[in-house]
Amino acid sequence: MRYMSSCGDSGAQFSEIIELNVGGQVYVTRHKTLIAVPDSLLWNMFSKKSPKELARDSKGRFFLDRDGFLFRYILDYLRDLNLVLPDYFPEKSRLQREADFFQLRDLAKRLNPRVSKENSISEEISQSDTEDGGQQCGSSGGLETLRTMSVSGAMRSPSLDSRKSGYITIGYRGSYTIGRDIQTDAKFRRVARITVCGKTSLAKEVFGDTLNESRDPDRPPERYTSRYYLKYNFLEQAFDKLTEAGFHMVACSSTGTCAYTSNDPNEDKIWTSYTEYVFCRE
């Protein structure tokens, strides 16, 4: 890592482009991005200290022993001071912890679940008031209400035996680069899209509103499709949905190819892969 000679304050010692190693994940950003929020941890590190005072890895990159995956959202926030998270993001509590660590008070406040908890409490109070009001009615009316609820509940909840059998296949493409240091230098790219193949009615039953049908809209329920994909990028979340619907995995396969950009044996090797998981409900 190159850095400029001191020109008065510590911030002037850093180069314009900064390389970071955050928990094993490598990030490259501008110095001004890291000091975008005054009095934050990164602002203090890269404006009040000199490069010699900061920890580095074996390749000279500044090292932070934090969650490398979640740091991408910290960096996104620092770029324009705006928070944009993927749909169905399950790591808000952990991201809030990272925001607290990096002393990003506004970001931590936005991630604070207290508001949603207060809304939940309000809903519970309203529901309790409704139940209390129902208990004040006559006993015959209460029994009739319970009888009606039982009948309608039975109509809405189909038995497990009535669910249709079939297969659903989910797949994803991925790529990663392996450098000269093999595993220590592997750079993985996150799953970009999870595809869903199978009968339209089964796919909609399992994934519901989390299914993106934009590539094959208005597909009849009994037709098959291979053009659906999910609105989230977590395979485990898709597995949970399938398990809850009574599916179990029966097969999986993966293929990989390696592309060389040159004949130099020291050149990084780029691997691409495609993986499919087949689920069945009998």
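# Asking why: burial, salt bridges and a sheet

Reader: Why does R94 count as partly exposed?

Author: This is a predicted model, and in it R94 has a relative accessible area of 33%. Buried means under 20%, and exposed means over 50%. The 33% of R94 lies in between, so R94 is partly exposed.

Reader: What makes D67 and R94 a salt bridge?

Author: The closest N and O atoms of the two are 2.4 Å apart. The cut-off is within 4 Å. The 2.4 Å of this pair passes, so it is a salt bridge. D67 sits in the loop between β3 and α3, while R94 belongs to helix α4 (residues 92-101). The two are 27 residues apart, and the pair links distant parts of the chain. A network of salt bridges joins D67, E91 and R94.

Reader: Why do such side chains pair at all?

Author: Opposite charges can pair when the charged atoms come close.

Reader: How do you know that E205 and R281 form a salt bridge?

Author: Their side chains meet at 2.8 Å, N to O. That is within 4 Å, so the pair counts. E205 is in helix α8 and R281 in strand β10 (residues 269-281), so this bridge ties together parts 76 residues apart in sequence.

Reader: Are E205 and R281 buried or partly exposed?

Author: E205 has 38% relative accessibility, between 20% and 50%, so E205 is partly exposed. R281 has 4%, which is under 20%, so R281 is buried.

Reader: What about R61 and D57?

Author: Their side chains also meet in a salt bridge, at 3.0 Å, N to O. Both R61 and D57 are buried. The whole structure holds 11 salt bridges.

Reader: Why is T200 called buried?

Author: T200 has 1% relative accessibility, under the 20% limit, so T200 is buried. T200 lies in helix α8 (residues 200-207). Beyond its neighbours within four places in sequence, T200 is in contact with R219, P220, P221, R223, T225 and Y228.

Reader: What makes β2 and β3 edge strands?

Author: The open sheet has 3 strands in the order β2-β1-β3, with mixed pairing. β2 (25-30) and β3 (62-64) each pair on one side only. Neighbouring strands are turned by 30° against each other on average, direction ignored.

Reader: How do you know that β1 and β2 pair?

Author: Two strands pair if there are at least two bridges between them. β1 (residues 17-22) and β2 have 6, in the antiparallel sense, so they pair. I17 stands opposite R30 in β2. Helix α3 (residues 71-80) packs on the sheet and touches β1, β2 and β3.

Methods: Residues numbered from 1 in each chain as written. Predicted model: local features only at pLDDT ≥ 70, side-chain atom pairs only at ≥ 80, totals over all residues. Heavy atoms only, no water. Helix = DSSP H or I, 4+ residues; strand = E, 2+ residues; numbered from the N terminus. Axes fitted to C-alpha atoms, helices over the stretch in contact; angles between N-to-C directions. Contact = heavy atoms within 4.5 Å. Buried < 20%, exposed > 50% of the residue type's maximum accessible area, 1.4 Å probe, protein only.
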